[in-house]
Amino acid sequence: MGVRMTAQQRTVLTKGAARQLRRSGRLPAVLYGQQLEMPIHVATKDVEKQLRTGRMELMELEVEGGDHYQVIIAEVQRDSLTGELLHVDFQQVSMDKPIKLKVPVELIGAAQGVKEGGVLIIQETSVELEGLPGVIPPVIELDVSQLNVGDSIHASDLKLPEGVTLLSSPEDLLVSITLPRGVQDTEEATDQVAAEA
């Protein structure tokens, strides 16, 4: 497993202590699981780095003292004005029990329809999946190179690994290619004139 983070336990749980942690580059956090709820703090830069990838990866969290936990980032709290990270929840996962995860969809390739003047419209950037932690991919790559104007891809079109189930609605529209509004209007007007003629 590629992603590792280290944490220390929090002993003082006041707002002032949390502010002091943030000022020193540490992020207040909670590690929770079935029989577990542990206040901890981690390096803010480590969490920011992981969030920047946009991937929901399984991580190994080492808490000072030697205990290791398989975790995912379950929830992040930010300041509504500044966007500053305030708190993060780590959820412990069991490798033999299915979990539900929102996984980002990453578009790859240059769509044929865009080369012909169409506009690629992204409707959804993630889908919800269920499966064992070791099987759910951190990101789903979606090749859009074959898409033409008028084409679209729905959640049901995604190729998922064996043992992974789609929880999002199969009808969820992920991407589509349409003509720009001005071009559509011109084409509709041309069609109308042709029909009247």
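What percentage of the 197 residues in the protein is buried? Buried residues, meaning those under 20% relative accessible area with a 1.4 Å probe and protein chains only, make up 35%. The model is predicted, with local features needing pLDDT of at least 70, side-chain atom pairs counted only at pLDDT 80 or more, and totals for chains, interfaces and linings using all residues. Residues are numbered from 1 along each chain as its sequence is written, and side-chain values use heavy atoms, leaving out hydrogens and water.

**View 1. The secondary structure of the protein.** Four helices and 13 strands are assigned, as DSSP runs numbered from the N terminus (helices H or I, at least four residues; strands E, at least two). The C-alpha atoms fill a box of roughly 80 × 40 × 25 Å along the principal axes.

**View 2. The largest nonpolar core.** A nonpolar core is a set of buried Ala, Val, Leu, Ile, Met, Phe, Trp, Tyr and Cys residues joined through side-chain atoms within 4.5 Å. The largest has 22 residues, and those with the most contacts inside it include Val 127, Leu 129 and Ile 136. Two or more residues come from each of β7 (99-108), β9 (126-131), β10 (140-143) and β13 (173-178). The most, four residues, come from β7.

**View 3. The surroundings of Ile 153.** Ile 153 is among the residues with the most contacts inside the largest core. Not counting residues up to four places away in sequence, Ile 153 touches Leu 142, Asp 143, Val 144, Leu 147, Asp 172, Leu 173, Leu 174 and Val 175, a contact being heavy atoms within 4.5 Å.

Technical notes. Buried means under 20% relative accessible area, exposed over 50%, partly exposed in between (1.4 Å probe, protein chains only).
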